[in-house]
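Keep the 3D view open as you read.

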Amino acid sequence: MSDLQQLYTAVLDGNARASKAIVEQALAEGADPQVLVTQYMIPAMDEVGRRFESNEYFVPELLISARAMKTALQIITPLLTAKGAQPIARVAIGTVKGDLHDIGKNLVSAMLEGGGFQVLDCGVDVAAEKFIEAIKTKQANVVALSALLTTTMPMMKTTIEAFKTAGVRGQIKVIIGGAPVTQKYAEEIGADGYADNASSAVTLARSLVSK
Ligand code: B1M
């Protein structure tokens, strides 16, 4: 079996070629894709963040680690995405206005698809209007908002307020998540729920649409 600690190191060092090769080898040897993500790749990104905070890493290092993470995720994501016959519900997902982080949002997206939801991915830096369009024209019944920056978290509140103004708030469930987001914040801004990781987002969305 591959030494999976090398996957952690490859993401931390921003070595996309190595992260791809290790993931391919590990999967060929029967590794669980979720274990690769949650036990090696996400902890590596957390360490990247810690090094950034302590001025050992700077934005270029963040970018190359993100590239190594994304390269490996391109192989893993299709394995998390199973195609169900009838979607449970349609989820419009995006990272809020002003925020460009998409790795966590993409993981949540893949897990929701794997969990039987139809996912409308609105991308990053998403203004409320784009979600409203997905609700009105694509009949999204759940909206999942992601934010990674404390400075963009308030856009979650702004987005929910815009749903109310547009008269669509009653048609949808709004779920939120991202590293700085909390359950308390979800309650404060009137979201329907908070999930702290990709699999709990699926459980949360399921429980909300079944109500
Ligand atoms: Co940024 N960045 N970054 N960054 N970056 C953070 C978030 C930071 C914590 C680093 C640090 O200082 N320790 C810090 C934010 C500090 C703060 O706000 N308090 C930070 C900063 C400051 C910045 C810039 C301002 C840096 C600068 O330019 N000076 C800048 C802002 C750009 C912008 O968005 N406008 C910036 C830029 C970038 C890059 C572009 C270089 C790159 C992103 C590349 C990309 O995403 N394509 C980047 C990266 C890579 C990070 C870190 C290192 C890693 C993020 C990541 O991908 N984690 C990050 C530090 C960290 O998080 N430890 C950091 C892995 C990912 C799987 O986890 O996204 O948390 P995460 O998603 C999880 C959960 O949060 C949850 O499920 C996911 C899977 O379990 N989840 C949801 C996420 N969304 C959800 C939605 C849901 C439910 C659950 O819906 C219901």
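Patches are made of residues with over 30% relative accessible area and no salt bridge, where nonpolar side chains (Val, Leu, Ile, Met, Phe, Trp, Tyr) are joined within 5 Å and like charges within 9 Å. A salt bridge is a side-chain nitrogen of Lys or Arg within 4 Å of a carboxyl oxygen of Asp or Glu, and accessible areas come from the Shrake-Rupley method with a 1.4 Å probe, with only the protein chains shown as cover for residues.

Phe52, Val59 and Leu63 make a nonpolar surface patch of about 280 Å². Val59 lies in helix α4 (residues 59–80) and is partly exposed at 48% relative accessibility (buried is under 20%, exposed over 50%, partly exposed in between).

## About the model

This is a predicted model: local features need pLDDT of at least 70, side-chain atom pairs count only at pLDDT 80 or more, and totals for chains, interfaces and linings use all residues. Residues are numbered from 1 along each chain as its sequence is written, and side-chain values use heavy atoms, leaving out hydrogens and water.

Strand β1 (residues 90–95) is largely enclosed by the rest of the structure, because 5 of its 6 residues are buried. Helices (H or I, at least four residues) and strands (E, at least two) are DSSP runs, numbered from the N terminus.

Strands pair if DSSP finds at least two bridges between them. β1 runs parallel to β3 (residues 142–146), joined by 5 bridges, with Thr95 partnering Ser146. With β2 (residues 118–121), β1 pairs in the parallel sense over 4 bridges.

## The cobalt contact

His101, in the loop between β1 and α5, is the only protein donor of the ligand's cobalt atom, through NE2 at 2.2 Å. Donors are N, O and S atoms within 2.8 Å of the metal (3.2 Å for Na, K and Ca); water is not among the atoms, so sites may look incomplete.

How values were computed. Buried means under 20% relative accessible area, exposed over 50%, partly exposed in between (1.4 Å probe, protein chains only).
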